[in-house]
Amino acid sequence: MPLRARPIRTAALPAALVAAGLLTVCGTPTTTPEPDAPARAGAPRKPSVPAAAGTLGGPGSACALPVSFALAEGWEPEAIEDPEDPEFAALTRQGPATVRCEVDAKPSGHVGYLRVWTAPKGPARAALEGFVKAEKGSAAVSYRETTAGALPATEVTYTVRDGLTEESKEERAFAVSTPEATVIVHLGGLDTGEHRAMLPAYELARTTAKAL
């Protein structure tokens, strides 16, 4: 029995899509952040990693993924049903990536989410660059090579300008290559304050990632 699709949340959701009850997904990146980039003054210190309260991606979990990682307490995952449906391609795709799973932070007391996307097999950085470039209003982009668990990974910190509030907020994502696909795990939130408050859960996912 297919899983029920979970609506994807975003503060910039157009009124027409709200009325229709559809999913929504939230230009050229550089390797050097702009003066107001999160990597400069005001960036949060590296968060402490919380204890794991569950695992996503493995057998029996809510979402079938090419990777698994630990979830923080109160974060609830749900698969996106039929993300390949061409009727909703504009809403379930971002650059080379297709959304597969959303992990809701609301039960943990935060307004935000982790979304897991997959792109065709290939270099993690190329997929991540295409993903960020496709996000409307993205700017102040900073890439770095890191690890996700024991896997080589590329991570990006950037800002997105909200078309409704005219304010910028921080976003973050990491990407890893697996034999099956490139996986992008993206942390989004209502605003920069919520984003930073949720970084421990994001770091838990990043530091426990494993290819399946």
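In β2, Ala70 is the bridge partner of Thr55. The model is a predicted one, in which local features require pLDDT of at least 70 and side-chain atom pairs count only at pLDDT 80 or more, while totals for chains, interfaces and linings use all residues. Residues are numbered from 1 along each chain as its sequence is written, and side-chain values use heavy atoms, with hydrogens and water left out.

Helices (H or I, at least four residues) and strands (E, at least two) are DSSP runs, numbered from the N terminus. Two strands are said to pair if DSSP finds at least two bridges between them.

**The open sheet.** Strands β1, β2 and β11 form an open sheet in the order β1-β2-β11, with antiparallel pairing. Its edge strands, β1 (54-56) and β11 (210-211), each pair on one side only. Between β1 and β2 (residues 67-71), three bridges are found in the antiparallel sense.

| Strands paired | Sense | Bridges |
|---|---|---|
| β8 (residues 151-161) and β9 | antiparallel | eight bridges |
| β9 and β10 (residues 182-189) | antiparallel | six bridges |

Thr157 has Arg172 of β9 as its bridge partner, and Val176 stands opposite Val183 in β10. The hairpin of β8 and β9 has six residues between the strands, and Glu166 there takes a positive phi near 60 degrees.

Burial is expressed by relative accessible area: buried means under 20%, exposed over 50%, and partly exposed in between (1.4 Å probe, protein chains only). Strand β9 (residues 168-177) is largely enclosed by the rest of the structure, because eight of its 10 residues are buried.

**Helix α3.** In helix α3 (residues 124-133), the buried residues are Ala124, Ala127, Leu128, Phe131 and Val132. They cover an arc of only 130 degrees around the axis, so they lie on the same side of α3. The arc is that of the directions from the helix axis to the C-beta atoms.

**Pro50.** Pro50 is placed in the loop between α1 (15-20) and β1. Its relative accessibility is 30%, so Pro50 counts as partly exposed. Neighbours within four places in sequence aside, Pro50 is in contact (heavy atoms within 4.5 Å) with Ala72, Pro200, Ala201 and Leu204. Pro50 and Ala201 are 151 residues apart in sequence, yet 6.8 Å apart in space, C-alpha to C-alpha.
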